[in-house]
Amino acid sequence: MPELPEVESLAAFLRAHAVGHAIARADAASFSVLKTFDPPLDSLTGHVITEVGRHGKFLDISSDQGLHLIMHLARAGWLRWRDELPTAPPKPGKSPIAFRLRLDDGSGFDLTEAGTRKRLAVYLVRDPAEVPGVATLGPDPMAAEFTEQTLADLLAGRRTQVKGVLRDQHIIAGIGNAYSDEVLHAAKMSPFKIASSMTPADVATLYDAIKTTLAEAVERSAGLAAADLKSEKKSGLRVHGKAGQDCPVCGDTIKEVSFADSALQYCPTCQTGGKPLADRRLSRLLK
Ligand SMILES: [Zn+2]
């Protein structure tokens, strides 16, 4: 899933390629992709793109006539830019193409979604706050206003595991399953650590890890074409998705805890004092 660094880079890519162009047409391949009906999608025709921004993991394309095309790529979605977009609108059905935006010079992009669980979402609104997922976002960790005190306030009193806090878009915007693993590895902190139990020193360490991990990921993907971002994300990660491989910091074997629909990865030596975390699913299998 694209998280803050990839969405930030997609926004930068679109800013460089699409701002100043008029929209020739916008097409959703299915009814389920478009989550709004007023204004209709065809009202975008002729609007000039003035800015491309980001709210958490949402992309926001602004038009000169006050509309915002907001896109959430969900777990298996991606944006594919083409200098020459096919002229026909995308066909509903088996194609992975969920949405197509064509610009006045024939360039544009497709939003694609792999797999059968379709979650990719597009909204056309007058105000980004009309999108429920945007309206309820927590503060953006890349923003200058996101200070160590901001993080301390967000963690205080939460008797939940830090991994869940980092991933919760209502608490902090933009960090998902992959970068929460990376942040916690950089902080040498157990994903199961209880947020409210953190000392000021823990908070300072976690804060530095959030800022550094995200900034490095944004820097690595800056200037890359949209097509190259996905592989860059994979190659840049140190623990996420790397169970069984060596920790790049200490050489211990990276371990995994599985949940119903996701898994987290961590390094026991770096993060949990060498002790493996309980994996309920795995221990049930072993009984
Ligand atoms: Zn390690």
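Residues count as buried under 20% relative accessible area, exposed over 50%, and partly exposed in between (1.4 Å probe, protein chains only). This is a predicted model, in which local features need pLDDT of at least 70 and side-chain atom pairs count only at pLDDT 80 or more, while totals for chains, interfaces and linings use all residues. Residues are numbered from 1 along each chain as its sequence is written, and side-chain values use heavy atoms, with hydrogens and water left out.

**View 1. Four cysteines hold the zinc ion.** The protein donors (N, O and S atoms within 2.8 Å of the metal, or 3.2 Å for Na, K and Ca; water is not among the atoms, so sites may look incomplete) are the SG atoms of C247, C250, C267 and C270, at 2.2 to 2.4 Å from the zinc ion. The angles between the four donor atoms run from 96 to 114°, so the arrangement is tetrahedral (four donors with all angles between 85 and 135 degrees). Along the chain the donors are spaced C-x2-C-x16-C-x2-C. C250 sits in the loop between α7 (226-236) and β9 (255-258) and C267 in the loop between β10 (263-266) and α8 (268-271), so this pair ties together parts 17 residues apart in sequence. Helices (H or I, at least four residues) and strands (E, at least two) are DSSP runs, numbered from the N terminus.

View 2. C267 is buried at 0% relative accessible area, C247 is buried at 3% and C270 is buried at 9%. C250, at 37%, is partly exposed. The model has zero disulfides, a disulfide being a pair of cysteine sulfur atoms within 2.5 Å.

View 3. Leaving aside residues up to four places away in sequence, C270 is in contact (heavy atoms within 4.5 Å) with H185, K188, C247, V249 and C250. In helix α5 (residues 177-186), nine of the ten residues are buried.

**View 4. Helices α3 and α6 cross at roughly 115°.** The axes of α3 (residues 148-155) and α6 (residues 200-221) come within 9 Å; axes are lines fitted to C-alpha atoms, for helices over the stretch in contact, and angles run from 0 to 180 degrees between N-to-C directions. E148, L151, A152 and L155 of α3 meet P200, V203, A204, L206, Y207 and I210 of α6.

Key
Tetrahedral: all angles 85-135°; square planar, octahedral: opposite > 155°, others 65-115°.
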